[in-house]
Amino acid sequence: MPHKNPRSFSPSEFQSRILGWYHDNHRVLPWRETGNNAVTPYAVWLSEIMLQQTTVPAVIPYFLKFTAAWPDVRALAAAKDEDVMAAWAGLGYYARARNLLKCARTIVEDWGGEFPQTQEDLLSLPGIGPYTAAAVAAIAFAEGATVVDGNIERIVARVFAIDTPLPQGKGDIRRAADRIFEGMSRRPAGDIRSYPQALMDIGAGVCTPTSPACDQCPVAGMCLAKARGNPAQYPVRAPKKAVPTRTGHVFWIEDQQGYVVFQTRDHDRMLGGMTGLPTTDWDRPDVHPSQNPLETLLDECSVLSRTHVGTDRKS
């Protein structure tokens, strides 16, 4: 049943309520400031790259593994590509790992090993887009940037009941997000750092995609979607496009000594840079499937052996 109309939106009241909730309900995560340990731009950047299209529970062990092996950006820049790709295995979206290395090396080579501190300069780095640049600038350097990830996008769409379907509606949501960050740059540095993280936590645990817990939300009284009685309908999404089906062949090839052939995939392919069993070009829609995939693969295997792509003894 629809509720009464929400109160007039006040950016300062909205922010204060969000920050008050965060003080009592924040998640404890390894990349956040805890106790006397100051948050580092390396931890913020690394976690944000890992969290793209990946859940927090899945990222935590990878983050801990990476920071144990490469505790700062200089150590990561000096790492071998294959070691980083192996450590990333299982996290998905492998272009992120390749861009992680490119970015780390750019920071060392062009910025003396220190992260640039403004959103504009961060955007010049490989693999850093508008969201990541804003998140690092705000959380690591207390710049009053407008940070909009999927969780914050959902909150904004509901607070202002934005009806334009995604992805077309992203522009409307981004402009509306400026309202919830309005005046944030005038707040204390601690508030600037905490505010986007508070919004992310509310999006993850309260203003969830389905069945939002509006009774637990500190800004429910300002939410137009709640007043309309249909918050779960926001953000509005356009109908999904059909996902194409692709087929191919995977090959297990071993010699008489029990050695198995593995292949390092080209960087411009799906799972690029990863090592695995040889396959046909199933992930290249512009390449016509071979009439005889085994014959094609045997030709490729001669290349693999000459270039020493890799073998491993079968267990």
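Is Arg174 buried, exposed or partly exposed? Arg174 is partly exposed, with a relative accessible area of 34%. This is a predicted model, and the protein chain averages a pLDDT of 86.

**Confidence**

- In the protein chain, 86% of the residues score a pLDDT of at least 70.
- Confidence is highest in helix α4, residues 73-77, at a mean of 98.
- Confidence is lowest in strand β4, residues 311-313, where the mean is 42.
- Over residues 302-315, pLDDT stays under 50.
- For residues 302-315 the model still has 24 contacts beyond four places in sequence.
- Where pLDDT is low, the predicted coordinates should not be read in detail.

- The whole structure holds nine salt bridges.
- One of them joins the side chains of Asp178 and Arg174, at 2.7 Å from N to O.
- Both Asp178 and Arg174 sit in helix α10. They are four residues apart, about one turn of the helix.
- Asp178 is partly exposed, at 35% relative accessible area.
- Arg175 also forms a salt bridge, with Asp172 as its partner. The closest N and O atoms of this pair are 2.6 Å apart.
- Arg175 and Asp172 both lie in helix α10, which covers residues 170-180. Three residues separate them, about one turn of the helix.
- Arg175 is exposed, with a relative accessible area of 54%.
- Asp172 is partly exposed, with a relative accessible area of 29%.

- Asp201 and Arg27 meet through their side chains in a salt bridge of 2.7 Å, N to O.
- Why does this pair tie together parts that are 174 residues apart in sequence? Asp201 lies in helix α11, while Arg27 lies in the loop between α1 and α2, so the bridge ties those two parts together.
- Asp201 counts as buried because its relative accessible area is 3%, under the 20% cut-off.
- Arg27 is partly exposed, at 27% relative accessibility.
- A network of salt bridges links Arg27, Arg32 and Asp201.

**Gln197 in helix α11**

- Gln197 is found in helix α11.
- At 10% relative accessibility, Gln197 counts as buried.
- The side chains of Gln197 and Arg32 are joined by a polar contact of 3.1 Å.
- Which residues does Gln197 contact, leaving aside its neighbours within four places in sequence? They are Tyr22, Arg32 and Ile139.

**Helix α8**

- Helix α8 covers residues 130-141 and has twelve residues.
- From its first C-alpha to its last, α8 reaches 16 Å. That is close to the 16 Å expected at 1.5 Å a residue.
- How many of the twelve residues of α8 are buried? Ten are, and α8 is mostly covered.
- The buried residues of α8 include Tyr131, Val136 and Ile139. Also among them are Thr132 and Ala140.
- The buried residues of α8 pack against α2 (41-51), α7 (119-122) and α11 (189-205).
- Ala142 follows α8 and has a positive phi, near 55°.

**Arg98 in helix α6**

- Arg98 is found in helix α6, residues 95-111.
- Is Arg98 buried or exposed? Arg98 is buried, with a relative accessible area of 17%.
- Leaving aside neighbours within four places in sequence, Arg98 is in contact with Met85, His267, Gly272 and Gly273.

**Cysteines**

- A disulfide is a covalent bond between the sulfur atoms of two cysteines.
- How many disulfides does a search of the whole structure find? The search finds zero.
- Cys217 is in no disulfide. Its nearest cysteine sulfur belongs to Cys207, 6.2 Å away.
- Cys223 is in no disulfide either. The nearest cysteine sulfur to Cys223 is that of Cys214, 6.3 Å away.
- Cys223 counts as buried, at 10% relative accessibility.

Note on methods
Residues numbered from 1 in each chain as written. Predicted model: local features only at pLDDT ≥ 70, side-chain atom pairs only at ≥ 80, totals over all residues. Heavy atoms only, no water. pLDDT = per-residue confidence, 0-100. Contact = heavy atoms within 4.5 Å. Buried < 20%, exposed > 50% of the residue type's maximum accessible area, 1.4 Å probe, protein only. Expected span 1.5 Å × (residues − 1). Polar contact = N/O pair within 3.5 Å; in protein donor to acceptor, adjacent residues only side chain to side chain. Disulfide = S-S within 2.5 Å. Salt bridge = Lys/Arg side-chain N within 4 Å of Asp/Glu carboxyl O.
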